[in-house]
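Hi,

Here is the structure I promised to pass on.

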Amino acid sequence: MNPKTGMSGVLSPVVTPFRADLSVDADALVQQCRWLLSQDTGLAVFGTNSEANSLSVAEKIELLEALVDAGIDTSRMMPGTGCCALPDSVALTRAAAKLGCAGTLMLPPFYYKGVGDDALYRNYSEIIQRVGDERLRVYLYHIPPVAQVSISLDLIERLLRDYPGTVAGIKDSSGDWANAALMHERQWDDFQIFVGTETLLLNNMRAGGAGCISATANVNPAAIVDLYRNWQSADADAKQQALADLRGIVQQKAMIPALKAIVAHYSGKPEWRTVRPPLLSLDNKDYRGLIAALEAQGFTMPGLASSR
């Protein structure tokens with residue numbers, strides 16, 4: 001993290017481990033976070049692929065406290081804190097700032113569709129003012145394919161004008177490079193632009209971006225970090241293609257169950273396959289097919305099993 005410009009690099013929306021009774025396994029989450037940090041990957045806990053919207057605010061705060069108590073580096077943490085209910089967003093964001101998290105990744109309130117910039121501005125403004133913590137750094141979360149609520153460039157500009165230093169960046173999970181490119185064209189000072197998939201990482205780095213926050217950083221962190229570090233190398237395009245090929249294998253299945261199946265296999269901990277309703281774990285046929293496809297590529301997760 002650069003103290004001037006905020007967070008940068010590769011971050012993972014860390015998959016959340018559940019026990020058989022569907023309660024959260026905080027110890028397993030700590031272990032997974034330690035492994036990711038060992039791969040130089042930051043922690044966007046409570047992201048989309050963390051099953052964040054299947055977790056209560058109380059559970060999230062308890063997990064944040066457990067991570068901090070376990071010595072997880074808060075300078076590498078960007079927990080998701082955006083909720084549909086304003087008081088929930090405020091409580092979770094306040095807790096993250098108080099615990100020293102370097103940033104908070106904030107979804108817009110996504111239940112009501114068709115709201116405009118004024119409504120979203122009011123939401124973000126209320127959260128920032130009610131939290132009232134100078135340590136707060138907000139990273140907006142633009143994911144219209146899921147939220148169906150968009151964060152416009154004009155809204156970003158308005159928030160940057162009124163909350164400079166607090167509104168620090170964005171995760172653009174539109175999947176549309178043209179949208180991120182328009183953000184880069186605005187040349188906002190110290191505004192960190194993350195793309196939401198490693199398939200756009202090279203484009204983002206070449207445009208001066210901050211990195212990526214990607215689902216598959218849960219399982220392929222070292223290779224993604226390698227491109228982030230070496231985006232100017234002669235073989236950067238080949239590295240980018242290899243990342244896209246690997247992601248293509250994973251996303252042939254439902255992403256969250258697939259990620260958890262991969263962690264389960266390579267950690268030797270089958271309980272990692274558990275997801276909370278309404279999601280379903282991969283059936284055994286899909287599970288075996290996914291692992292076979294990965295192994296055919298020579299895929300590994302070095303150090304994962306030994307960290308357990």
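You'll find G196 in the loop between β6 (192-195) and α8 (201-206); helices (H or I, at least four residues) and strands (E, at least two) are DSSP runs, numbered from the N terminus. Not counting residues up to four places away in sequence, G196 touches K171, D172, S173, I213, S214 and R247, with contact meaning heavy atoms within 4.5 Å. T274, on the other hand, sits 78 residues from G196 in sequence and 24 Å from it in space, C-alpha to C-alpha.

Some housekeeping before the rest. This is a predicted model, where local features need pLDDT of at least 70, side-chain atom pairs count only at pLDDT 80 or more, and totals for chains, interfaces and linings use all residues. Residues are numbered from 1 along each chain as its sequence is written, and side-chain values use heavy atoms, with hydrogens and water left out.

The whole chain

The protein chain has 12 helices and seven strands. Its radius of gyration is 18 Å, close to the 19 Å that the globule rule gives for 308 residues, so the chain is as compact as a globular protein of that length. That radius is taken over C-alpha atoms, and the rule is 2.2 Å times the number of residues to the power 0.38. The C-alpha trace spans about 50 × 50 × 35 Å along its principal axes. Of the 308 residues, 53% are buried. Among contacts with a separation of 6 or more, 71% are between residues 24 or more positions apart. The chain exposes about 13,100 Å², and carbon and sulfur atoms supply 48% of that; the areas come from the Shrake-Rupley method with a 1.4 Å probe, and for residues only the protein chains shown count as cover.

The annotated residues

UniProt, in an unreviewed entry, lists Y141 and K171 under "active site". Its positions are given in the numbering used here, feature names are shortened, and annotations may be inferred rather than shown by experiment.

Y141 is in strand β4 (residues 138-142) and is buried at 3% relative accessible area. Beyond its neighbours within four places in sequence, its contacts include T48, L105, M106, I151 and K171. K171 belongs to strand β5 (residues 167-172) and is also buried, at 5%. Leaving out residues up to four places away, K171 touches L105, L140, Y141, H142, F194, G196 and I213.

I213 is in strand β7 (residues 211-213) and is buried, at 0% relative accessibility. Apart from neighbours within four places in sequence, I213 is in contact with residues including L11, P13, M78, K171 and G196.

What does the span of α3 look like against expectation? Helix α3 (residues 86-98) has 13 residues that should span 18 Å at 1.5 Å a residue, and its end C-alpha atoms are 18 Å apart, which agrees. The expected span is 1.5 Å times one less than the number of residues. Its buried residues are S89, V90, L92, T93, A95, A96 and A97, and their cover includes α2 (57-69), β3 (104-106) and α4 (117-131). Just after α3, G100 takes a positive phi of about 90°.

Helix α1 (residues 26-38) also has 13 residues and reaches 18 Å from first C-alpha to last, close to the 18 Å expected. In α1, A28, L29, V30, Q32, C33, W35 and L36 are buried, covered by elements including β1 (9-12), β2 (42-43) and α11 (255-267).

Cheers

Terms used. Buried means under 20% relative accessible area, exposed over 50%, partly exposed in between (1.4 Å probe, protein chains only).
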